[in-house]
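Here is a short briefing to read alongside the model. Please keep the sequence and the 3D view open as you go.

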Amino acid sequence: MKIFKYIPKIVFVLAVLVASSCKESLTEINENPNGVDPNTANPNLLMPTVMSGVGTQYLKLGYGRIAGVVQHTQEDAWKDGFNDYNWTEEDDEWKAWYGFLRNNNLLYKRSVEMGFTFHQGVALTMKAFIFGTIADLWGDAPYTNALKGDAGEMLPAFDSQEVIYKGVIEDLKQASALFATADVSTYAPGYDVYYNGDKLKWQKFANSLLLRYYMRVSAKLPDVAKAGIEQIYSSGVYLKDASDDAVMDYIGTASGDSWPTATAFDVSQSNWRRRRPAATLLNTMVASNDPRLKVWFQPVHVRWVSDPALKTGVDEFIRKDGVIQTGVKSLTEQELRAEITAGHKFTRHFNPITYKPVRPDLFNGPLNTGEYVGIPAGMIDPTYYNENPTTGQQVQNQHASQLSYAYQGSKGGLLKARLASAAESAFILAEAAQKGWAAGGAEANYNNGIKQSLQTWGVADQYDTYVKAVAYKGTLAQIMEQKWIASWTTATEAWFDYRRTALPALVPGLAPVSRALPLRFIYSNNELNNNGDNVRSAIEKLEETNFSGPRKKNSQWSKPWLVQGTGKPW
């Protein structure tokens with residue numbers, strides 16, 4: 001889908017892009033003298049800016065450091081924020097999400113003024129998605145009085161997380177009702193970068209988000225969640241097939257509209273090369289011969305071989321097609337790729353009896369001889385993993401797997417920002433059915449979640465074999481494990497699931513000072529300085545835990561309303 005080719009037509013929206021703190025983001029919209037007057041803006045022109053911004057930001061979280069939290073990936077250098085949750089304030093994230101809301105608010109106002117019912121539904125769905133994400137990430141936040149700077153509301157109060165979630169649910173219900181009868185004749189083809197004006201697919205998207213948020217609040221508002229999920233299931237209008245997933249394509253014409261690890265805009269390939277599969281995910285997939293493994297990850301370039309006949313503890317040099325390459329301890333990623341593509345095989349031998357780790361304080365073995373090798377979560381220094389010969393900041397670990405070369409690309413194929421999926425909806429219904437709610441059969445929904453995820457990644461032909469390997473045995477742990485795997489590149493959902501269920505049973509590594517997975521983002525000093533009383537009031541409602549540390553309540557390890565009193569995840 002051609003997304004960003006429409007951007008030249010919507011230059012005027014720069015007038016409403018976020019460029020300041022939350023306090024500033026909630027003030028009136030400044031007019032761009034070189035742009036279109038917001039009072040006469042066409043809603044069609046506003047949609048792609050909102051939708052592409054949200055899709056890009058959501059993907060950056062789910063493919064980025066939140067993937068480190070849920071142990072989908074790890075970074076092997078400069079890894080503190082990614083692997084170890086060494087987070088500080090989240091000012092840029094806060095400004096980004098409220099910036100999207102400001103643009104979306106104009107989209108909704110103009111849609112109402114012009115009687116564009118389809119566009120109203122889109123705006124309400126995006127409003128719910130954005131506010132829901134804000135509440136998910138931080139907890140309490142400006143909601144009722146947000147976006148009222150033009151009415152003099154310069155220091156908005158923070159609504160509770162509960163109030164925001166209830167508002168999100170109501171907006172999605174209203175959006176769904178609008179899509180059911182919406183007039184799409186006002187839609188200009190090409191400006192909807194998710195569904196190109198297909199109102200039924202938008203209704204399915206809205207209803208699948210309802211499934212998401214009903215399940216999100218199920219521990220705190222079980223009656224609301226049960227009735228809501230049963231109603232959506234009964235309607236039959238939700239994402240059921242991967243072809244209907246809410247996705248945004250990348251077109252790759254510039255770094256801003258390209259996949260985050262695209263090497264076209266990263267000559268050193270550092271962003272792609274430093275991001276490795278986490279052992280937690282990779283080992284789980286290897287154990288069940290998961291067909292998605294070979295789509296997402298590569299075999300190691302230089303595989304360890306156990307050789308009891310080796311006279312030394314470990315080969316100093318690598319072997320090419322079995323022949324020792326004297327003087328060659330390693331090759332660059334580019335060299336190895338070219339040689340392997342040409343059909344050559346690289347190994348390195350060790351004697352399992354006499355082998356001793358070079359740095360037992362950083363890597364104490366054993367050596368991983370697998371075809372696919374992931375980085376263990378939270379290592380003190382992951383550059384030493386598996387006796388990598390090129391440690392430090394210039395690391396190119398030839399003894400650990402890389403992500404697929406597809407993730408070096410800028411656009412096309414697998415490279416989509418996915419906001420909601422049929423697989424996610426199926427796993428939600430499986431969990432609901434297991435609770436005894438009227439949402440179909442738990443096993444049937446579980447199997448369908450797997451099927452839709454395999455379809456997403458182009459390996460649906462291997463469903464029959466794989467589903468037997470992970471056959472449903474009636475446990476919530478199975479449902480959440482498969483949902484966690486299926487959330488690849490949308491790791492935020494796996495994080496929020498872990499927070500409310502403690503599943504999968506992820507174990508932090510040695511490096512994180514807290515020794516626990518984080519639960520939320522930190523309110524920034526900028527917000528404290530500009531809207532201090534309201535921010536401090538929100539912080540006071542957080543629950544400090546044994547892991548909160550020196551930040552006390554305003555910590556990534558403090559509990560928001562959603563998990564207070566639930567005993568989850570720890």
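Axes here are lines fitted to C-alpha atoms, for helices over the stretch in contact, and angles run from 0 to 180 degrees between N-to-C directions. Helices (H or I, at least four residues) and strands (E, at least two) are DSSP runs, numbered from the N terminus. This is a predicted model, in which local features need pLDDT of at least 70 and side-chain atom pairs count only at pLDDT 80 or more, while totals for chains, interfaces and linings use all residues. Residues are numbered from 1 along each chain as its sequence is written, and side-chain values use heavy atoms, with hydrogens and water left out.

**Helices α17 and α18**

- Helix α17 (residues 476-486) and helix α18 (residues 491-501) have axes that come within 9 Å and cross at roughly 160°.
- That angle makes α17 roughly antiparallel to α18 (the term applies to angles over 145 degrees).
- On the α17 side, the contact (heavy atoms within 4.5 Å) is made by Met 480, Lys 483 and Trp 484, and on the α18 side by Ala 494, Asp 497, Arg 500 and Thr 501.
- Eleven of the eleven residues of α18 are buried (under 20% relative accessible area, with a 1.4 Å probe and protein chains only).
- The buried residues of α18 include Glu 493, Trp 495 and Arg 499.
- Just after α18, Ala 502 takes a positive phi of about 65°.

**Glu 424**

- Helix α14 (residues 422-434) holds Glu 424, which is buried, with a relative accessible area of 10%.
- Leaving aside neighbours within four places in sequence, Glu 424 touches Arg 212, Lys 483 and Glu 493.
- Glu 424 and Leu 239 are 185 residues apart along the chain, and their C-alpha atoms are separated by 8.7 Å.

**Strands β4 and β10**

- Strand β10 (residues 416-420) has four of its five residues buried, so it is largely enclosed by the rest of the structure.
- Strand β4 (residues 246-249) runs antiparallel to β10, and four bridges join them (strands pair if DSSP finds at least two bridges between them).
- Ala 246 has Ala 420 of β10 as its bridge partner.

**The four-stranded sheet**

- An open sheet of four strands has the order β6-β9-β7-β8, and its pairing is mixed.
- The edge strands, β6 (302-306) and β8 (323-324), each pair on one side only.
- Strand β7 (residues 319-320) pairs with β8 in the antiparallel sense over two bridges, and the bridge partner of Arg 319 in β8 is Ile 324.

Note on methods: Buried means under 20% relative accessible area, exposed over 50%, partly exposed in between (1.4 Å probe, protein chains only). Angles under 35 degrees count as roughly parallel, over 145 as roughly antiparallel, 65 to 115 as roughly perpendicular and the rest as oblique.
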